[in-house]
Amino acid sequence: MLISLSAKSKLGFINGKLSKPRDDSPYLDLWIMCNHMVMAWLLNSVTKEIRLNVLHSKFARDVWKQLENRYGQSDVAQFFGLQKKLMETVQGTNNIAIYFNRMKVVWDEIEALDARVLCTCVDCRCEAK
């Protein structure tokens with residue numbers, strides 16, 4: 001989702017860098033349209049059950065923060081899950097190429113997780129979460 005939003009120059013709607021303009025701003029209608037578009041993308045990317053929990057938010061940033069707070073995993077939990085997945089990966093009847101590719105996917109996920117910036121805030125404001 002972050003890649004898609006970045007590619008469409010819409011990250012500012014979820015990270016707070018594009019705040020709502022004043023009511024007398026000529027950009028207000030455009031901002032509202034883009035905010036609704038980002039909200040639709042977010043809502044359409046989650047299950048119906050999850051969507052019902054955030055459906056009544058007014059801003060894409062609020063939807064993003066609610067989803068992040070409720071369903072975001074800590075780096076430790078993700079790392080443990082990836083280690084477990086790596087340990088459970090076996091060659092079995094697959095050829096070496098398939099086996100290696102499966103392991104490489106997990107290694108790449110671990111590397112990407114390791115590259116994340118760690119949050120040092122008491123009440124996270126740095127978006128590292």
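Select lysine 84 and glutamate 88. Their side chains form a salt bridge, with the closest N and O atoms 2.8 Å apart (a salt bridge is a side-chain nitrogen of Lys or Arg within 4 Å of a carboxyl oxygen of Asp or Glu). Both residues lie in helix H6 (residues 75-88), four residues apart, about one turn of the helix. Helices are DSSP runs of H or I, at least four residues, numbered from the N terminus. Lysine 84 is partly exposed, at 44% relative accessible area (buried is under 20%, exposed over 50%, partly exposed in between; 1.4 Å probe, protein chains only).

This is a predicted model: local features need pLDDT of at least 70, side-chain atom pairs count only at pLDDT 80 or more, and totals for chains, interfaces and linings use all residues. Residues are numbered from 1 along each chain as its sequence is written, and side-chain values use heavy atoms, leaving out hydrogens and water.

Next, select lysine 65 and glutamate 68 in helix H5. This salt bridge has its closest N and O atoms 3.2 Å apart. Glutamate 68 is buried at 14%; lysine 65 is partly exposed at 21%.

Stay on H5 and pick out its buried residues: Ala60, Val63, Trp64, Leu67 and Glu68. Seen down the axis, they fall within an arc of 125°, so they line one face of the helix (the arc is that of directions from the helix axis to the C-beta atoms).

Now go to arginine 22 and aspartate 24. Their side chains meet in a salt bridge at 2.7 Å, N to O. Arginine 22 is exposed at 62%, and aspartate 24 is exposed at 56%.

Technical notes: Helix = DSSP H or I, 4+ residues; strand = E, 2+ residues; numbered from the N terminus.
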